[in-house]
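Reader: I would like to learn how to read a model of this kind. Please take me through it feature by feature.

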Amino acid sequence: MSRLTAYLHPKCSTCEKARQWLRKRHRAFEEKDIRATPPSLAELRTMLAALGGKRGGLFNTSGLEYRGQGLAARLPGLSDPEALALLAGSGMLVKRPFVLGPGVALVGFDEKAWAAALAQA
């Protein structure tokens, strides 16, 4: 079984559901507080590739920071490196949970998608 890295927010109910889901299935994972330790640029690039280049799927669009920075209007004008630098600089901009491991790249929590992805890993 491969080890996962899960970027989670301690007060996020969706992250708690994901945490419990992983534990219930006895999946080993290293938990990182997404606020204190955002995903690295390399990890963000990996996730972007897994999302087929759709960088909007990386952003926590319902977050206060996203709205406060006016990113809905700004994001289309940013290059991929600029957008990824924003995400790497602030974990609160990153959609969560954000989970990576060998052959696994998951963002957001969808039980069916997680079950399918982790059955392959």
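**Reading the model**

Author: Helix 2 is followed by G52, which has a positive phi near 65°. Helices (H or I, at least four residues) and strands (E, at least two) are DSSP runs numbered from the N terminus. This is a predicted model, in which local features need pLDDT of at least 70, side-chain atom pairs count only at pLDDT 80 or more, and totals for chains, interfaces and linings use all residues. Residues are numbered from 1 along each chain as its sequence is written, and side-chain values use heavy atoms, with hydrogens and water left out.

Reader: How many helices and strands does the chain have, and in what order do the elements run?

Author: The chain has 6 helices and 4 strands. From the N terminus the order is β-α-β-α-α-α-α-β-β-α.

Reader: Which residues of helix 2 are buried?

Author: Buried means under 20% relative accessible area, exposed over 50%, and partly exposed in between (1.4 Å probe, protein chains only). In helix 2 (residues 41-50), the buried residues are E43, L44, M47 and L48. Viewed down the helix axis, these residues fall within an arc of 140°, so they line one face of helix 2. The arc is that of the directions from the helix axis to the C-beta atoms. As background, an α-helix has 3.6 residues a turn, so residues three or four places apart point the same way.

Reader: What covers the buried residues of helix 2?

Author: Contact means heavy atoms within 4.5 Å. The cover includes strand 1 (4-8), helix 5 (80-89), strand 3 (98-101) and strand 4 (104-107).

Reader: What is found in the loop between strand 2 and helix 2?

Author: One of the residues there is R35, which counts as partly exposed because its relative accessibility is 42%. R35 touches H9, P10 and M92, not counting residues up to four places away in sequence. The C-alpha atoms of R35 and H9 are separated by 6.8 Å, although the two residues are 26 residues apart along the chain. A36 is in the loop between strand 2 (29-33) and helix 2 as well; at 63% relative accessibility, A36 counts as exposed. Its C-alpha atom is separated by 9.9 Å from that of Y7, 29 residues away along the chain.

Reader: Which backbone angles deserve a look?

Author: Most residues other than glycine have a negative phi, and most peptide bonds are trans. H26 has a positive phi near 55° and is not a glycine. H26 is found in the loop between helix 1 (13-24) and strand 2, and is exposed with a relative accessible area of 66%. A cis peptide bond joins R96 and P97, with omega about -5°. P97 is found in the loop between helix 5 and strand 3.

Reader: What radius of gyration does the chain have?

Author: The radius of gyration is taken over C-alpha atoms, and the globule rule is 2.2 Å times the number of residues to the power 0.38. For 121 residues a compact globule would have a value near 14 Å, and the chain agrees with 14 Å. The C-alpha atoms fill a box of roughly 40 × 30 × 25 Å along the principal axes. Of the 121 residues, 41% count as buried. Among contacts with a separation of 6 or more, 66% are between residues 24 or more positions apart.
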